[in-house]
Amino acid sequence: MPLIIDGYNLLHVTGIIGDSSGPGGTFQRSREGLLNLLASSLSTAELSQTTIVFDAADAPPGLPRTLSHRGITVRYASDYRDADALIEQLIEDHHVPKSLLVVSSDHRIQRAARRRRASFIDSDRWYSELWQKRFAAEQA
């Protein structure tokens with residue numbers, strides 16, 4: 001199932017996010033931590049179908065607006081008002097929106113998903129399910 005993740009929304013749920021002040025800032029490290037967590041938690045098939053979207057205001061300078069991180073498509077919303085607008089566009093443009101799962105607790109994004117009959121889940125619930133899945137896999 002194709003997955004669209006509201007990056008900062010999920011990042012806040014995980015507790016990985018830090019203060020962006022100081023040398024090098026920690027937003028980039030926080031994003032990388034989240035991406036590494038996802039890459040180690042999702043199957044290869046899930047990775048190739050996952051897009052995570054971050055606002056562009058705190059994007060690392062010089063990075064392309066779209067890149068791949070261990071199979072995950074990472075998008076920075078540089079040509080959009082914010083990440084929500086890009087996520088809405090991705091939902092709108094998807095050729096089979098009923099197959100999408102959108103991860104965000106943002107009601108605006110959930111309404112956009114509902115309009116296109118895409119599934120959606122709050123970030124905290126999805127994150128909890130991700131950890132349950134990881135734990136079950138480690139116990140097997």
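R108 is partly exposed, with a relative accessible area of 21%. Its salt-bridge partner D84 is buried, at 13%. In this predicted model, the closest N and O atoms of D84 and R108 are 3.9 Å apart. The pair links distant parts of the chain: D84 sits in helix α4 (residues 83-93) and R108 in helix α5 (residues 107-115), 24 residues apart. D84 and R108 also belong to a network of salt bridges that includes D82 and E88.

How many salt bridges are there? The count comes to five, and the table shows some of them.

| Salt bridge | Closest N and O atoms |
|---|---|
| K133 and E46 | 3.0 Å |
| E129 and R125 | 3.2 Å |
| D84 and R108 | 3.9 Å |

K133 and E46 form a salt bridge that joins helix α6 to helix α3 (residues 44-48), across 87 residues. K133 is partly exposed, with a relative accessible area of 36%, and E46 is partly exposed too, at 30%.

E129 and R125 are four residues apart in helix α6, so about one helical turn separates them. E129 is partly exposed at 35%, whereas R125 is exposed at 52%.

Now for the largest pocket, which holds about 180 Å³ of space. Among the residues lining this pocket are E46, E129 and K133, along with M1, L42 and W126. Helix α6 (residues 123-139) gives the largest share of the lining, four residues. By type, the lining divides into seven nonpolar, one polar and three charged residues.

Notes: Residues are numbered from 1 along each chain as its sequence is written. This is a predicted model: local features need pLDDT of at least 70, side-chain atom pairs count only at pLDDT 80 or more; totals for chains, interfaces and linings use all residues. Side-chain values use heavy atoms; hydrogens and water are left out. On a 1 Å grid over the protein atoms alone, a cavity is a set of points where a 1.4 Å probe fits but cannot get out, and a pocket is an open set with protein on both sides within 12 Å along at least five of seven lines; lining residues have an atom within 4 Å of a point. Grid points are joined across faces, edges and corners, and a volume is the space filled by probe spheres set on the points. Helices (H or I, at least four residues) and strands (E, at least two) are DSSP runs, numbered from the N terminus. Ala, Val, Leu, Ile, Met, Phe, Trp, Tyr, Cys and Pro count as nonpolar, Asp, Glu, Lys and Arg as charged, and the others, Gly among them, as polar. A salt bridge is a side-chain nitrogen of Lys or Arg within 4 Å of a carboxyl oxygen of Asp or Glu. Buried means under 20% relative accessible area, exposed over 50%, partly exposed in between (1.4 Å probe, protein chains only).
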